[in-house]
Amino acid sequence: MANKSSSEGFILMGVSDHPQLEIIFFTVILISYLMTLIGNSTIILLSRLDARLHTPMDFFLSNLSTLDLAYTTSSVPQMLINLWGPEKTISYGGCVTQLYVFLWLGATECILLMVMAFDRYVAVCRPLHYTTIMNPRLCWLLAVLAWLGGLGNSVIQSTFTLQLPLCGHRRVDNFLCEVPAMIKLACGDTSLNEAVLNGVCTFFTVVPLSVILVSYCYIAQAVQKIRSVEAWRKAFNTCFSHLVVVFLFYGSAIYGYLLPAKTSNQDQGKFISLFYSVVTPMVNPLIYTLRNKEVKGALRRLLGKVRKAG
């Protein structure tokens, strides 16, 4: 029974205990995924085509959109396949790949949101030195560190999780292969895995979130001194967008990963994982587009060119 999971793969249960909900979930997730593809691809396209969006903030926003595209694509297509038909299986290799990639991109987003908060801090609190501090070399360095840091988290957590004895258990009570669901599947002592999970997740959530909150405390102090209504509104719009994304992502990730894996409510856990894997990547481009005057302007210019060309 020990090698059964490796040879036959896993069964992703999803909402199979409520089959009447599967078509509803399939429709909602498909629409969300299509909106994610369109929204994030639009932001990436605008940042490449419009010279006015070649600022550090737009560089990091483009990174976030690229990350969200990969993040959802690592899990959503498999969800849709499992929700559409009676077959709920995923191969062992597919599950392992999903585990590594999902963790890598999730942790990268944690760091990237912190980097974006630092960018906003420099823009508001050190406006005269903004272009000097946030030079292209530093932007690329911060982006690379975010991606490599996320990869390090994935290697640690996924490798520890894959060492667990499964004793032939194949039914993953979730929409995707991720660490808390895999720990619940184990038949041995998982205390070390839970300790590693809590330690690493605390580092990748609490530390960046603390830096973000401290940055916004300084930003709030600086904004209070701004006398120009237009400058105050611009600072508020860009910072508010980022804060909304931060609380959506970090709130769901902390709930999903920092609660004890063996004792948390599994139904709540899998719907939370659905939230940060499907909903958050979908709303990120909407939030930034609706609150960012430069992005809206670039979108209008692009649509105008398309209409003229047509």
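1. Strand E1 (residues 10–12) pairs with E3 in the parallel sense, over two bridges; strands pair here if DSSP finds at least two bridges between them. Ile 11 has Arg 171 in E3 as its bridge partner. The model is predicted: local features need pLDDT of at least 70, side-chain atom pairs count only at pLDDT 80 or more, and totals for chains, interfaces and linings use all residues. Residues are numbered from 1 along each chain as its sequence is written, and side-chain values use heavy atoms, with hydrogens and water left out.

2. The open sheet has three strands in the order E2-E1-E3, with mixed pairing. Strand E2 (89–90) and strand E3 (171–172) are the edge strands, each pairing on one side only. Strands (E, at least two residues) and helices (H or I, at least four) are DSSP runs, numbered from the N terminus.

3. The unreviewed UniProt entry places the feature "transmembrane region" at residues 23–47, 59–81, 101–118, 138–156, 195–219, 240–259 and 271–290. UniProt positions are in the numbering used here, feature names are shortened, and annotations may be inferred rather than shown by experiment. In the model, residues 59–81 are 91% helix and 0% strand, with end C-alpha atoms 34 Å apart. Residues 101–118 are 100% helix and 0% strand, and their end C-alpha atoms lie 26 Å apart.

4. H5 and H7 pack at an angle of about 145 degrees, with axes 7 Å apart. Axes are lines fitted to C-alpha atoms over the stretch in contact, and angles run from 0 to 180 degrees between N-to-C directions. H5 passes H7 in a right-handed crossing, meaning that the near helix is turned clockwise from the far one by less than a right angle. The contact of H5 with H7 has 19 nonpolar, nine polar and no charged residues.

5. The structure holds seven cavities of 30 Å³ or more, a cavity being a set of points on a 1 Å grid over the protein atoms alone where a 1.4 Å probe fits but cannot get out. The largest cavity has about 180 Å³ of space, the volume being that filled by probe spheres set on the points, which are joined across faces, edges and corners.

6. Of the 15 residues lining the largest cavity, Leu 103, Gly 106, Ala 107, Cys 110 and Tyr 257 are the closest to its centre; lining residues have an atom within 4 Å of a point. Helix H5 (92–125), helix H7 (136–162), helix H9 (191–224) and helix H10 (229–258) each supply at least two lining residues. H5 gives the largest share, five residues. By class, this lining has 11 nonpolar, four polar and no charged residues; Ala, Val, Leu, Ile, Met, Phe, Trp, Tyr, Cys and Pro count as nonpolar, Asp, Glu, Lys and Arg as charged, and the others, Gly among them, as polar.

Terms used
On a 1 Å grid over the protein atoms alone, a cavity is a set of points where a 1.4 Å probe fits but cannot get out, and a pocket is an open set with protein on both sides within 12 Å along at least five of seven lines; lining residues have an atom within 4 Å of a point.
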